[in-house]
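Subject: A structure for you to look at

Hi,

Here is the structure I promised to pass on. Have a look around first, and then read my notes below.

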Amino acid sequence: MRKSIALGALLIFFGFLLVAIMNIHSFGYPTNTAMDDYFIRNGQEQTGANNIVTAIVFDYRGYDTIGEATVLFTAVAGVLLALRKGGEEE
Amino acid sequence: MKPMSVIVRTMTRSLYPFILLFGAYLVVHGHLTPGGGFQGGAVAASAIALAIAAFGGTKAYHEKTLALFESGGLLFFLSLGLIGMGVAFMWNFLAGSGSLFGDPVAYGSNPGYLNTAGTIPLMNIAVGLEVVGGLGAIMLAMGSYAFDEDKEVSS
Amino acid sequence: MIDMAPYITVAIIIGIGLYICMFKSNLIKIVMGISLIESGVNLFLITLGYRHGAYAPIFTMFNGGIMTLPTPQALTLTSIVIGVATTALLLAFVIKIYRHYGSIDAKDARRLKG
């Protein structure tokens with residue numbers, strides 16, 4: 001009984017995904033490209049890097065990279081806290 | 001963990017500097033070719049995984065060395081953002097000026113010069129150090145926890 | 001309909017990942033289901049920014065033509081690193097559960113034992 005309700009919910013969610021595919025822009029022709037054309041046109045002069053993806057990650061959107069480095073640091077701190085030795089006596 | 005056989009240990013001693021060199025190449029050339037801090041750091045962390053698997057956990061590295069790499073990398077990255085605070089936070093103050101990494105680049109295709117792009121190579125090196133330290137510390141903690149306490153399973 | 005093949009692949013991968021999360025009771029299989037959902041979302045971010053007949057957005061030895069959109073690729077890098085961090089934390093907790101309860105079945109780890 002519970003399994004059939006869960007299976008029905010999964011099929012409804014999969015139906016939502018298929019409806020979203022039918023209404024999205026076709027593959028290879030994106031619609032709004034003004035910001036990325038500005039990055040490609042002015043990226044080499046303003047930052048001096050040949051790789052536009054690296055210029056976006058570390059210069060135009062460097063604040064997101066600070067957040068990502070902090071998430072990695074917090075995850076490593078959590079793992080080292082959970083798997084320490086010597087504090088297991090009760 | 002017990003160390004593995006003689007063939008594995010000899011090949012690890014021969015291959016270990018080349019894997020680290022390839023990871024460092026990917027980190028430093030991040031502004032010219034596909035690559036960067038995170039990708040090069042992951043490749044260099046695979047060399048540390050090879051050393052831990054071949055030699056045993058506690059004989060290869062100390063946990064405090066890898067934790068120092070990780071904290072030092074993140075502090076270096078944050079201080080690079082605070083130096084250019086006169087204009088804005090994380091301002092690229094070395095691009096186009098004449099000093100450390102600052103040659104100007106015109107629009108168009110060029111064969112790729114290493115001396116360009118300002119604070120971006122320094123940020124790549126900082127993030128590479130942090131990823132190597134972080135992933136190495138995770139692998140060392142998981143390996144030595146699961147293998148050294150096989151006699152104490154509480155019910 | 002066949003030229004929308006990357007989007008259909010994304011829907012199938014997310015559907016399989018969600019099925020594994022909901023119907024399996026082995027803890028490591030649940031962790032792999034979460035990792036599959038994250039891989040499907042990363043693939044969707046990259047296929048949003050493709051232009052027909054374009055090259056990679058790198059100017060070193062570039063021979064002319066049009067380039068793809070670089071912004072979704074930059075955000076996918078961040079998403080992959082966060083996925084690695086989440087999977088490492090989940091696996092550390094699976095190791096602690098096995099050490100405490102003696103099995104990795106999700107039906108056995110239900111009571112709070114002191």
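Which residues of helix 2 of chain A are buried? They are A:Asp36, A:Phe39, A:Gly43, A:Gln44 and A:Thr47. Please keep in mind that this is a predicted model.

Helix 2 of chain A covers residues 34-47, and its 14 residues reach 19 Å from the first C-alpha to the last, close to the 20 Å expected at 1.5 Å a residue. Do look for the kink of about 45° in this helix, which is centred on A:Arg41. Just after the helix, A:Gly48 takes a positive phi of about 85°.

Leaving aside neighbours within four places in sequence, A:Ile56 is in contact with A:Phe39 and A:Arg61, and with C:Pro70, C:Thr71 and C:Ala74 from chain C.

In soluble globular proteins, nonpolar side chains tend to be buried together. Here the largest nonpolar core has 53 residues, and those that touch the most other members are A:Ile56, A:Val79, B:Val127 and B:Ile138. Among the helices that each supply at least two residues of this core are helix 3 (52-60) of chain A and helix 3 (71-101) of chain C. Helix 5 of chain B gives the largest share, 13 residues.

Enjoy exploring!

How values were computed: Residues numbered from 1 in each chain as written. Chains lettered and ligands numbered in written order. Predicted model: local features only at pLDDT ≥ 70, side-chain atom pairs only at ≥ 80, totals over all residues. Helix = DSSP H or I, 4+ residues; strand = E, 2+ residues; numbered from the N terminus. Expected span 1.5 Å × (residues − 1). Bend = angle between axes of the 7 residues up to and from the residue. Buried ≥ 20, exposed ≤ 12 C-beta atoms within 10 Å, placed from the backbone. Core = buried A, V, L, I, M, F, W, Y, C linked by C-beta atoms within 7 Å. Contact = placed C-beta atoms within 7 Å.
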